[in-house]
Amino acid sequence: MGDWFQHTIIATGRLPLFCFFVTLIVAFIATRINVRLIRAKVGWFRNVSVGEMHIHHVVFGVVLMLVGGVTGLIVPPGGQAGHAVAACVFGVGSALVLDEFALILHLHDVYWEEEGRTSVDAVFIAVAVTGLLLIGLRPLTWEYATPFVNPAALITANLVLAVITLLKGKIWTGMAGLFMPPMLLVGALRLARPGSPWAHWFFARRSPRKMARALRREERWRRPVIRAKIAFQEFLSGRHDLPSTRRGRRHT
């Protein structure tokens, strides 16, 4: 294990990225444990408030991200230790910010509402992308280029396919495809999800048959996967079971 860590992480200069990856996961889990204990009103776990103002942990996350980012910029080059410390601080801050990504997106406290699952999705995407970077994959690389294919043209084609895939509602395929371009071709060619912008623009009214086929595929294949994903996410993060509403503050 020691030799693997030395050759794969330290020797390749990925120690700061590894530290960011680990602290992002640990800080997210610790944050979720904390807010679930606050929600359950266990012991001394309480919200942080100043007078009547509740201080969301995204505030602390922004501060830590600034501290970690600036520290990474001013640490002298030549060693990984200083950058690793900065990456740890940045990882903790990122976890706190992404854990309240839904609040930033909706400009409203939807932490335990259905929309709050967006925060968990954001953390999962960040962890997945960082993990791919950690094992050596790079987004939009021109490793697939040949003497007959211009690298810039290949990257442009990958970006176009990624945009189409994302517009078709295939977020995970689009994100993973940035690192594994063949996935983008599959995602761009396959039928769009029924609730996606692509479906709305191109066959919601023009092609009812395609929309019906997309709905059948969504119900048969996608829904079970989504239910399994939600069950796993809520096992880690707690149940987002409050009714969707824009009234009141329900955050822990």
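UniProt positions are given here in the numbering of this chain, feature names are shortened, and annotations may be inferred rather than shown by experiment. With that understood, the unreviewed UniProt entry places the feature "transmembrane region" at residues 15-35, 55-75, 81-107, 119-136 and 148-167.

Colleagues, a word on the source. This is a predicted model, in which local features need pLDDT of at least 70, side-chain atom pairs count only at pLDDT 80 or more, and totals for chains, interfaces and linings use all residues. Residues are numbered from 1 along each chain as its sequence is written, and side-chain values use heavy atoms, with hydrogens and water left out.

Let us turn to helices, meaning DSSP runs of H or I of at least four residues, numbered from the N terminus. Residues 15-35 are 100% helix and 0% strand, with end C-alpha atoms 30 Å apart.

How do helix α2 and helix α6 cross? The axes of α2 (residues 15-39) and α6 (residues 117-134), as lines fitted to C-alpha atoms over the stretch in contact, come within 9 Å and cross at roughly 160 degrees, on a scale from 0 to 180 degrees between N-to-C directions. That makes the pair roughly antiparallel, the term for angles over 145 degrees. Contact, meaning heavy atoms within 4.5 Å, involves residues including Phe21 and Arg32 of α2 and Val123 and Gly131 of α6.

Finally, Thr31 is also found in α2. At 10% relative accessibility, Thr31 counts as buried, that is, under 20% relative accessible area with a 1.4 Å probe, protein chains only. Leaving aside neighbours within four places in sequence, Thr31 contacts His57, Leu96 and Asp99.

Conventions: Helices (H or I, at least four residues) and strands (E, at least two) are DSSP runs, numbered from the N terminus. Angles under 35 degrees count as roughly parallel, over 145 as roughly antiparallel, 65 to 115 as roughly perpendicular and the rest as oblique. Buried means under 20% relative accessible area, exposed over 50%, partly exposed in between (1.4 Å probe, protein chains only).
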